[in-house]
Structures are given as structure tokens and as C-alpha cells.
Amino acid sequence: MTDKKTILSGIQPSGAMTLGTYLGALKNWAALANEFDCYYMIVDMHAITARQTPSEFRKIQLSQLAQYISCGIDPEKNTLFIQSHVPAHAQLGWVLSCYTMFGELMRMTQFKDKSSKNEENINAGLFTYPSLMAADILLYQADYVPVGADQKQHIELTRDIVVRFNGIYGDVFKLPEPYIPKVGARIMDLQTPTNKMSKSDISDGGCLLILDSPEDIMKAFKRAVTDSETQVRYDVDNKPGVSNLMQIYSACTNKSFGEIETEFSGQGYGALKTNVGEAVVETLRPIREEALRILADKAYLEGVYKKGAEKASQTANKTLKKVHKKIGFIPSD
Ligand code: TRP
């Protein structure tokens, strides 16, 4: 037992991970291992709220795990696992769905968003998604949940569930907080820099993947949308494209916006694009090479997710047992 605080997060294996996922999430996750007890999942159960092709789905998950590791999330120091390998998620998810109100779920902007974009498949799982996410978090008594702004409403709902549940049964769950890193990079689409870079709407050349080749990366930056001025200056409202390039460059080189403005003063956008492209290529090169190496070693990957599930189950089952007891289920052993 440690007295470290607990962190938990997960990413849906619904497509390849982007440069934005690395700079905005994985890079920060990797840095938390010494200070916190960290659990990082591949949320396969959430991903089936949209249709997946089974063979492709399996590949994406293994690739995602290989990339977690190659981005610096050491499986010896963190618990890496696949959500469905820990049945307690489904079990607590059901229980919590009985402590989540229909009206609360109706108000979730992600549900409204996803259901309006996919009217042929508005399934019950998509609707109760937040109860399962609450279970993910509460099983581990997580103190902090690193998420993007789009997930904050789900954390708020999780907190409401905790208050409701603890109000009836006593102190069962810890109240989790969203964890917004101090220097969280928010990376935008290279073609439409007012939209977040996202795997779900891959515009032509606007979204870069962690596993993209150096050639594709350079090509995408050469074509990146800027503006009709020539001055490299950070101004998100008036110069979203240039500001995004500066954000990416800063995240890859640790240079401040001021330093970047000086570096490119009088040089125009061509030099900026080439330099950002090269910085991204060099940042992703070791990550990509390591991911491909790990991916080729299926036995190693299997060892990682099996050990992760075992460790995660121990913590999760403790919480689940307590919950079952509190609500009056009869123990089976
Ligand atoms: N809903 C999250 C997303 O789409 C993924 C997720 C599922 C998650 N369970 C979680 C994130 C638990 C943090 C904690 O991005």
C-alpha cells in the first residue's frame, strides 16, 4: 500500500491516436508515474457504443497499448489494462446506472452530439455511457482524472453519483476531480485550426497520427492553413493556424511563444512550417519506432495486459465487494 494519490484515465480504441492525443494527454500521463499511482485503460467497452469491425478493433487496441508504452508510460510503474478484462467495470456500471437519473443522462452534451451525428445507431449503451465511465473511475477510488474539456461534464456527473450514493450508504466512494495539467497542449486541426485535431473527423491532411511516417508529417505541415499576414505571432482569435503551429512547436521543443516569435521574425511562414514539421518528426520518430518494435512482440504485449488486468482487478474487486454489501446483495463466497 502506498499513500500516493490515484490517477485514472482511458482512451477509446475507436481509431488511431493523433499527435494531439500525444501532446495533450499521453505525454502528461507518462510524467505522472512517480508522483501518483496511475491506472490507464483501453476502454473497449465504451468503444462498442459505435459499431467496430472486430478484426480492426483488435488491431487498434494492441496498437494503442504499444503506443501507451512507447510514449513513455512504463508498464512496470503504471497499471495498463483493457477495460473488458476487468469484469467489475460491467458489474459496477450496472449498479451505478440505477443511481444515475434519466434526466441527467439526457443533459449530456456528448450524448446529444453523438446521437445527432449517428441517427441510425442511438443505442442504450451510448445513453448509459456515463454510468460506465463513473464505474471506471470509482472502482479505483481515483483522486484525479486527467481528461480534456469535452469530458468534464462526465466527471461532474460522476461526482453527483458519488454524492447521491454516499448520501444513502455512507462513505463508499472517493469524490474524484478532473485533472487539467498545468501545461496541457490543445492541438487543433492543421486544415481547420478552429477545430480540435480529432481522429473522428479526419480532414484531408488536417489530422496527424502518432504512427504517421516522416514524409506524411512534413507534407501535412507544408500544407497547413495559416493566414494572409506574414508575421509569426501568437494570437489564437485572429491567427488560429499560426498559433496552432506555434503551440505544436512549443510542445515539441519546450520553447516559449516569445522565443518562437523571435526565432522566426522576418522569415514568414515557410520556415515556421518546415521547422515545426521537423520538430514533430524528431519527437515522434523514437515513439513510432518503439511502438512498431513492441507491436511485433505479441507475447510481450499479452504479458503487459494480463498483468495489468490482474493488478487492476484486485483494486476494483475490493470496491465492488463493498458496494454489493452496502446495497444488500448476498455475497457468493
Ligand atoms: N469518455 C472518455 C473519452 O471519450 C473515455 C473514458 C472512458 C474515460 N472511461 C473513462 C476517461 C474514465 C477517463 C476516465 O475520452
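Let's start at G170. Just after helix 8, this glycine takes a positive phi of about 95°. Bear in mind that this is a predicted model, where local features need pLDDT of at least 70, side-chain atom pairs count only at pLDDT 80 or more, and totals for chains, interfaces and linings use all residues. Residues are numbered from 1 along each chain as its sequence is written, and side-chain values use heavy atoms, with hydrogens and water left out.

Now helix 8 itself. Helices here are DSSP runs of H or I, at least four residues, and strands are runs of E, at least two, numbered from the N terminus. Helix 8 covers residues 152-169.

On to the ligand. Which residues come nearest? Of the 14 around it, they are Q12, Y129, M133, D136 and Q151; being around it means a heavy atom within 4 Å.

Next, polar contacts, meaning N or O pairs within 3.5 Å. A polar side-chain atom of D136 lies 2.7 Å from a ligand nitrogen. For Q151, a side-chain N or O atom is 2.9 Å from a ligand nitrogen. Q12 places a polar side-chain atom 3.3 Å from a ligand oxygen.

Last, the shell. Helix 7 gives the largest share, 4 residues.

Methods. Expected span 1.5 Å × (residues − 1). Polar contact = N/O pair within 3.5 Å; in protein donor to acceptor, adjacent residues only side chain to side chain.
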